Amino acid sequence: MEEHIEAVQRMQDYIIANLTEDITMADLARASLYSPWYSYRLFVQLLHMTPSMYIRRLRLSKSALRLRDEGVRIIDVALDAGYESVDGYQRAFFREFGCNPYEYSVCPTPICLFKPYGVKYARKERDTTMKEVKTVFVQMVERPARKAIIKRGKEARDYWKYCEEVGCDVWGILTSIKSISGEPVCLWLPDGLIAPGTSEYVQGVEVSTDYAGEIPEGFEIIELPKCKYIMFQGEPFEEADFGEAIEQIWDAVKKYNPQPSGYCWDKENPRIQLEPIGSRGYIELHPVKSLT
């Protein structure tokens, strides 16, 4: 089974690295080291979609972000996404997101982007055993007054339980909303922001205080004040080792004392978790307030 997971992961990695190129089943078979027929079977078995569907959804989601951020022409985005005509691209975009690409480019609304995770990492046993001491970088940062569009869970206090309660599509929707910080966030809410019967841990996206865009169904918007944070950032890590990378930051936070710098932990603002991306290291932001 492990060999099959590794084979599908190699196909996923190949797709990401060659997304703008023509990708054939023969290409994926060479990456997987199995026959085209068996590679196809493994891909569908572990990812529950065909390779062509996976590539199409990934390209459409990339194109949606270009329409949102780059002011590009529909025809250019269509051709870059592998479509021979604007009509074909428009039909595919509408089937995927339920809206017209031109209308979306003029007035972006929250849509559910396709955010695939590597099958190798999704299925890896969560191992939080510390293997070695690594450097943790600490920096004071400031978040401005802002709003956050969030989706609440029921009892979740971490990512895994949250996904069980809410599902894994939330991140795709949040990624489609332009954030003032450049990416969605996960939040551990303070007591004052937890609604009765809902979770401490939520996923959301920070937007400006004058945000007047659409709020996706099932989401809500909360206000967050200007706040100082101590940012803890670990060293880059292999994606399969994200559990250990998180544990190392948590261990560093437990040992850190902000008082010599004139601060104490702020229990009235949310703790922030950024998406664990191996190339930059795991990052968490913990709120602080001045002792004076």
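Residues are numbered from 1 along each chain as its sequence is written, and side-chain values use heavy atoms, with hydrogens and water left out. Because the model is predicted, local features need pLDDT of at least 70 and side-chain atom pairs count only at pLDDT 80 or more, whereas totals for chains, interfaces and linings use all residues.

The protein chain comprises 11 helices and 9 strands, taken as DSSP runs (H or I, at least four residues, for helices; E, at least two, for strands) and numbered from the N terminus. Its radius of gyration, taken over C-alpha atoms, is 21 Å. This value is close to the 19 Å that the globule rule (2.2 Å times the number of residues to the power 0.38) gives for 292 residues, so the chain is as compact as a globular protein of that length. The C-alpha trace spans about 65 × 45 × 35 Å along its principal axes. Of the 292 residues, 43% count as buried, that is, under 20% relative accessible area, with exposed being over 50% and partly exposed in between (1.4 Å probe, protein chains only). Among contacts (heavy atoms within 4.5 Å) between residues at least 6 apart in sequence, 74% join residues at least 24 apart.

Helix 2 spans residues 25–32, of which D27, L28, A29, A31 and S32 are buried. The buried residues of this helix pack against helix 1 (2–17), helix 3 (36–47) and helix 4 (51–69). L33, which follows helix 2, has a positive phi near 75°.

Strand 4 (residues 201–207) contains Q203, a residue that is buried with a relative accessible area of 3%. Apart from neighbours within four places in sequence, the contacts of Q203 are I149, I150, K151, Y159, Y162, V170, W171, L174, V185 and C186.

Q203 also belongs to the lining of the largest cavity, together with Y117, Y159, C163, G167, C168, D169, V170 and W171. Helix 9 (159–166) and helix 10 (170–175) each give two or more residues to this lining. On a 1 Å grid over the protein atoms alone, a cavity is a set of points where a 1.4 Å probe fits but cannot get out; a pocket is an open set with protein on both sides within 12 Å along at least five of seven lines, and lining residues have an atom within 4 Å of a point. Grid points are joined across faces, edges and corners, and a volume is the space filled by probe spheres set on the points. By this rule there is 1 cavity of 30 Å³ or more, and the largest cavity has a volume of about 40 Å³. Its lining has 6 nonpolar, 2 polar and 1 charged residues, where Ala, Val, Leu, Ile, Met, Phe, Trp, Tyr, Cys and Pro count as nonpolar, Asp, Glu, Lys and Arg as charged, and the others, Gly among them, as polar.

The second largest pocket holds about 530 Å³ of space. It is lined by 19 residues, of which W188, E200, K267, R271 and H286 are the closest to its centre. Helix 11 (242–255) and strand 9 (283–290) each supply at least two lining residues, and the lining has 9 nonpolar, 2 polar and 8 charged residues.

The structure holds 0 disulfides, a disulfide being a pair of cysteine sulfur atoms within 2.5 Å. The sulfur of C107 is 10 Å from the closest cysteine sulfur, in C99, and is therefore too far for a bond. C227 is likewise in no disulfide, the nearest cysteine sulfur, that of C264, being 11 Å away; C227 is buried, with a relative accessible area of 4%.
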